[in-house]
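Work through the exercises below with the sequence and the coordinates at hand. Each task is followed by a solution in steps.

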Amino acid sequence: MKPSIPKGTRDFSPTEVANRTYIMNTIKKAFETFGFQPIETPSFENASTLMGKYGEEGDRLIFKILNSGDYLAKADENVLTAKNSLKLTSQISEKALKYDLTVPFARYVVQHQNEITFPFKRYQVQPVWRADRPQKGRFREFYQCDADVVGSKSLWQEVEFIQLYDKVFSQLGLLKTSIKINNRKILSGIAEVIGAQDKLIDFTVALDKLDKIGKEKVEIEMLAKGISEEAIKKVQPLFSFDGSNEENLDALASMLQSSEEGTKGVEELRFVINSVTELGLKSARLEVDVTLARGLNYYTGAIFEVSAPKGVKMGSIGGGGRYDDLTGIFGLKDVSGVGISFGLDRIYLVLEELGLFKSVDNPKPKVLFINFGKEEALYCMKAIAHLRAKDIKSELFPDAAKMKKQMNYANKRKIEFVVLVGSQEIENNQFTLKNMISGEQYSLNINELIASLN
RNA sequence: GUGGUUGUAGCUCAGUUGGUUAGAGCGUCGGUUUGUGGUACCGAAAGUCGUGGGUUCGAGCCCCAUCUUCCACCCCA
């Protein structure tokens with residue numbers, strides 16, 4: 001049998017793990033710099049916790065876990081014979097792999113509300129699973145790195161999250177990312193102004209395609225979805241949004257002046273943008289993007305999305321937003337939350353494409369002791385114990401293999417030094433230390449050996 | 001979930017209109033070289049041609065199914 005792994009999953013080599021750890025540590029360190037503290041939640045949740053939180057599409061993409069035991073025998077006979085997958089699923093599966101980190105976090109907050117001091121700033125770096133069809137940068141198992149604040153409605157949080165994005169991407173050397181920002185209230189306002197509140201989703205989905213298929217086709221799609229010609233006329237400015245953030249905000253403000261909610265959205269967006277502009281960004285660019293409509297299922301205020309620098313073909317590498325009532329689903333009202341997510345796996349691909357990994361090294365010993373035989377090995381192991389006590393990474397080649405093989409091993413792992421010990425060295429209580437880069441070698445006693453490797 | 005695409009040695013890939021025993025480079029292992037590596041030269045191992053059916057005297061090549069890869073929708077990190 002040929003071994004294989006499931007579609008959309010991957011093995012990671014030592015180099016890949018080193019690179020991933022580097023990204024993760026950069027993100028975690030930034031989270032902590034901004035005052036977030038880590039939590040973890042289980043890989044799988046009760047299915048009822050997750051189902052219905054991500055829309056119909058989301059439900060389809062949740063990995064369900066089969067109940068233990070003879071689950072079919074316990075299922076309703078009628079549902080079984082009717083072959084109704086949807087109904088049957090809820091009977092034979094009570095658990096599901098987590099789909100994102102936000103909903104389990106909301107569950108966590110509600111469940112631990114009495115232990116938590118609000119505002120609660122948490123970060124979480126864990127894998128999530130989606131039964132999606134894989135593509136480049138799209139996997140069925142991938143890591144999200146989330147930071148959220150719950151228990152504060154302050155827009156300063158939005159400002160800080162933009163700074164956090166900027167900090168992480170700057171540190172990773174990923175310059176000129178674009179952070180797109182929108183506000184759900186603006187989208188609602190637009191729908192209100194055109195008299196199509198019920199068509200909000202159709203409208204935004206069509207609008208989202210503007211830069212892909214062009215104005216004419218977007219209008220055709222909107223008409224097809226039952227949005228009136230008059231309504232489309234009212235939002236014409238949306239189709240030619242290429243001015244500065246300031247100009248775009250002004251255009252939105254006048255378009256939405258009759259909508260209370262829309263006007264509020266513009267004000268919020270203006271505050272965030274003005275504050276960020278005042279405080280300055282290192283390398284990212286902040287852009288108002290009214291076509292941005294992610295996570296419409298629970299976002300209520302700001303919506304974020306980060307795309308890679310121009311020229312890199314990759315979907316969004318981060319996203320987030322404000323959700324005013326996510327904990328409400330689990331019974332805790334009036335707790336506003338806002339957060340962002342970093343897509344580790346996509347960031348990896350982008351950094352790789354741009355060649356930004358070269359400084360990351362695999363873990364390796366500083367010195368390799370060549371194995372000449374039993375007696376020599378023992379002599380070496382005593383020295384190694386001393387080196388390790390000083391936290392000098394060292395190892396003995398496990399077998400008394402040919403010199404060439406042992407030296408090759410050192411070369412392959414890019415080990416800087418080797419120590420050669422034969423009968424002569426043992427006799428003189430010495431070690432021959434060889435620098436594998438320069439080829440120089442010295443005869444040293446144990447203290448000199450420690451000193452030159454420390 | 002819809003439509004398309006890909007699969008040949010550990011890796012990257014050749015392989016003619018269907019025709020005997022499927023090749024190369026890199027890597028691996030061994031040797032030249034039993035206490036001195038990277039270089040060089042010589043040699044070896046390694047493939048049920050993704051898998052299962054079918055067509056054919058004959059299939060890596062044609063047909064069907066399935067898995068995988070990537071792409072476009074959809075959605076998203």
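**Exercise 1. Locate Asp 345, state whether it is buried or exposed, and list its contacts.**

Step 1. Asp 345 belongs to helix H17, residues 344–353; helices (H or I, at least four residues) and strands (E, at least two) are DSSP runs, numbered from the N terminus.

Step 2. The relative accessible area of Asp 345 is 4%, so the residue is buried. Buried means under 20% relative accessible area, exposed over 50%, and partly exposed in between, with a 1.4 Å probe and protein chains only.

Step 3. Apart from neighbours within four places in sequence, Asp 345 has contacts (heavy atoms within 4.5 Å) with Arg 10, Phe 12, Arg 20, Phe 139, Phe 142 and Tyr 143.

Step 4. With Tyr 143 there is also an approach to the backbone: its nitrogen lies 2.8 Å from the side chain of Asp 345.

The model is predicted: local features need pLDDT of at least 70, side-chain atom pairs count only at pLDDT 80 or more, and totals for chains, interfaces and linings use all residues. Residues are numbered from 1 along each chain as its sequence is written, chains are lettered from A and ligands numbered from 1 in the order in which they are written, and side-chain values use heavy atoms, with hydrogens and water left out.

**Exercise 2. Determine how the buried residues of H21 are arranged, and what they pack against.**

Step 1. In helix H21 (residues 446–453), the buried residues are Leu 449, Ile 450 and Leu 453.

Step 2. Viewed down the axis of H21, these residues fall within an arc of 95°, so they line one face of the helix. The arc is that of the directions from the helix axis to the C-beta atoms.

Step 3. Asn 447 and Ala 451 are exposed on the other side of H21.

Step 4. The packing partners of the buried residues are strand S12 (367–369), helix H18 (374–389), strand S14 (417–420), strand S15 (431–435) and strand S16 (441–444).

**Exercise 3. Describe the surface near RNA strand B by element and by class.**

Step 1. A residue is near the strand if one of its heavy atoms lies within 4 Å of it. Among the 42 residues around RNA strand B, Arg 130, Lys 136, Ser 316, Lys 402 and Lys 412 come nearest.

Step 2. H19 supplies the largest share of this surface, seven residues.

Step 3. The surface has nine nonpolar, 15 polar and 18 charged residues. Ala, Val, Leu, Ile, Met, Phe, Trp, Tyr, Cys and Pro count as nonpolar, Asp, Glu, Lys and Arg as charged, and the others, Gly among them, as polar.

Conventions
A polar contact is a pair of N or O atoms within 3.5 Å; within protein, one must be able to donate a hydrogen and the other to accept it, and residues adjacent in sequence count only if both atoms are side-chain atoms.
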